Amino acid sequence: MNFKINEYLKKNTEAAPLAVFRIFFGIMMFISIIRFWSYGWIDKLYIQPKFFFSYYGFDSIKPMGMYTYLIFVVCAVSSIMVALGYKYRIAMLTFFLSFTYIELMDKTTYLNHYYFISLLSFVMIFLPANAYFSLDAKRKENAFQYIPNWTIDAIKLLLGIVYFYAGLAKLNSDWLIKAMPLKIWLPSKYDIPLLGDLMQQEWVHYLFTYVGAVYDLTIPFLLLYRKTRVFAFILVVIFHVLTRVLFPIGMFPYIMIVSTLIFFDAGFHHKVITYIAKICRINKFQFDTKRALLFIPKKNKILITTLTLFFVIQLLLPFRYLLYPGELFWTEEGYRFSWRVMLIEKAGYASFKIVDEITGNRFYVDNDDFLTAFQQKQMATQPDFIVQYAHYLKDHFEGQGHQNVQVFVESYVALNGRLSSQYIDPEVDLGKQKESFKHKTWIIPFKDEIKGL
């Protein structure tokens with residue numbers, strides 16, 4: 001086995017697929033940032049709110065007022081530099097840090113595809129994506145037509161994990177037996193031309209349910225196999241375009257479509273580069289040096305070790321929910337960062353009560369005074385949001401001179417079409433509960449059972 005691994009690590013391949021991936025990645029990221037800015041979301045999500053929900057362990061990462069715009073500028077500029085392959089290593093590192101900082105500023109905006117971009121940009125820091133057809137490669141000593149196989153396979157592996165784990169997550173009774181939450185979401189799409197009437201049919205809900213699960217579980221393997229690759233890519237386009245039509249998930253479908261191009265052979269990517277070179281009036285042949293990039297053994301070992309550790313973490317992290325008791329979809333302990341895409345529909349409310357522990361005097365909090373409507377919606381159904389907000393309220397009212405402050409919540413949540421039921425123990429003073437990775441015992445147990453992964 002060791003011999004085979006060593007042989008694999010010595011194999012080279014054309015650098016063109018990684019160069020095309022770099023170009024499209026940089027362009028897509030630039031468009032995404034400009035789109036985010038143009039819709040006024042920077043102001044709405046990071047400037048206007050009075051309070052931000054931080055990730056545990058990253059409390060110091062917050063929006064910086066109007067300087068928050070500067071972070072987006074840095075992110076946009078670095079994405080263009082990545083696309084051009086100019087000062088690539090610095091640009092890629094800058095993009096990773098700025099984009100991840102934006103993602104960590106407020107977990108209210110958490111989306112799986114933001115997490116995916118952070119992971120992908122981290123991996124790309126270690127890949128020689130500027131070895132071919134880049135401004136860096138215009139200098140002959142930096143130009144290489146061939147690169148190690150593993151540098152391209154690393155991206156394929158990450159894409160495979162995203163798809164396959166999303167498929168595994170769909171193997172649960174709510175998704176397969178009850179067609180939830182699609183049975184809730186799809187009927188609301190009645191106004192979509194041609195598809196609106198179909199979205200009302202129960203058989204369509206189940207069709208989408210099973211097709212979605214099979215697609216996620218099989219698409220990485222269909223893309224890897226040369227004879228099914230074109231068919232698989234057609235499925236990718238259909239699936240993600242349909243997803244974009246039905247659900248408001250921004251640029252993610254297009255990013256996934258473009259990303260899967262890396263599975264095609266080098267001949268296809270050379271045609272893409274030839275087309276780009278013709279439009280931009282670039283002499284493509286100057287990059288066809290026939291040279292192969294060889295990392296020095298020590299550097300190669302560091303790169304391989306780092307990426308191996310990274311992928312081991314990615315393979316194990318989604319299963320951390322097994323360390324917690326209770327229903328994952330209810331408690332959401334171990335839910336994020338596990339490629340569980342569009343599996344739950346939660347609705348609820350949380351009413352906070354401030355009590356003087358000594359006198360018993362009490363009053364209720366108007367959440368509108370502290371949170372935006374979007375933040376309230378997210379907070380009401382996620383325990384870590386609830387306890388973090390409770391601590392904020394405790395600090396706020398103590399700062400106003402209130403004594404012996406206790407914080408209690410009356411919270412009710414409905415999950416995937418079930419009747420609403422009490423979510424948080426109303427007798428627990430949340431101001432005394434510390435946020436941690438430990439199980440939150442003050443979550444009232446789920447009154448049903450969801451079988452599966």
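**Into and out of a bent helix**

Modeller: Leu-194 is exposed, because its relative accessible area of 85% is over the 50% cut-off. Bear in mind that this is a predicted model. Leu-194 sits in the loop between helix 9 and helix 10. Its phi is positive, at about 70 degrees, although Leu-194 is not a glycine. Most residues other than glycine have a negative phi, and most peptide bonds are trans. Pro-181 belongs to the loop between helix 8 and helix 9.

Helix 10 itself covers residues 202-224. With 23 residues at 1.5 Å a residue, helix 10 should span 33 Å, and its end C-alpha atoms are 34 Å apart, so the two values agree. Helix 10 does bend, by about 45 degrees at Thr-218, and Pro-220 follows within four residues. Pro-220 is also one of the buried residues of the helix.

On the way out, Arg-226 lies in the loop between helix 10 and helix 11. Arg-226 is exposed, since its relative accessible area of 58% is over 50%. The C-alpha atom of Arg-226 is 8.9 Å from that of Phe-263, which is 37 residues away along the chain.

Two other loop residues are buried. Ser-134 is in the loop between helix 6 (112-125) and strand 2 (146-148). Ser-134 counts as buried because its relative accessible area, 3%, is under 20%. A polar atom of its side chain lies 2.6 Å from the backbone oxygen of Asn-130. Leaving aside residues up to four places away in sequence, Ser-134 touches Arg-22, Leu-84, Gly-85 and Phe-287. Trp-339 is found in the loop between helix 15 (328-331) and strand 3. With a relative accessible area of 1%, Trp-339 is buried. Trp-339 has a positive phi near 60 degrees, and it is not a glycine.

Four strands make up an open sheet in the order 4-3-5-6, with antiparallel pairing. Strand 4 (362-364) and strand 6 are the edge strands, each pairing on one side only. Strands of a sheet pair through backbone hydrogen bonds. Strand 3 (residues 346-356) pairs with strand 5 over 11 bridges, in the antiparallel sense. Ala-347 has Ala-414 of strand 5 as its bridge partner.

Strand 5 runs over residues 405-415, and nine of its 11 residues are buried, so strand 5 is largely enclosed by the rest of the structure. Strand 5 is also antiparallel to strand 6 (residues 421-422), with two bridges between them. Val-413 is opposite Ser-421 in that pairing. Strand 5 and strand 6 form a hairpin with five residues between them. In the turn, Asn-416 has a positive phi of about 45 degrees.

Conventions:
Residues are numbered from 1 along each chain as its sequence is written. This is a predicted model: local features need pLDDT of at least 70, side-chain atom pairs count only at pLDDT 80 or more; totals for chains, interfaces and linings use all residues. Side-chain values use heavy atoms; hydrogens and water are left out. The expected span of a helix is 1.5 Å times one less than its number of residues. The bend at a residue is the angle between axes fitted to the seven residues ending there and the seven starting there. Buried means under 20% relative accessible area, exposed over 50%, partly exposed in between (1.4 Å probe, protein chains only). Two strands pair if DSSP finds at least two bridges between them. A polar contact is a pair of N or O atoms within 3.5 Å; within protein, one must be able to donate a hydrogen and the other to accept it, and residues adjacent in sequence count only if both atoms are side-chain atoms. Contact means heavy atoms within 4.5 Å.
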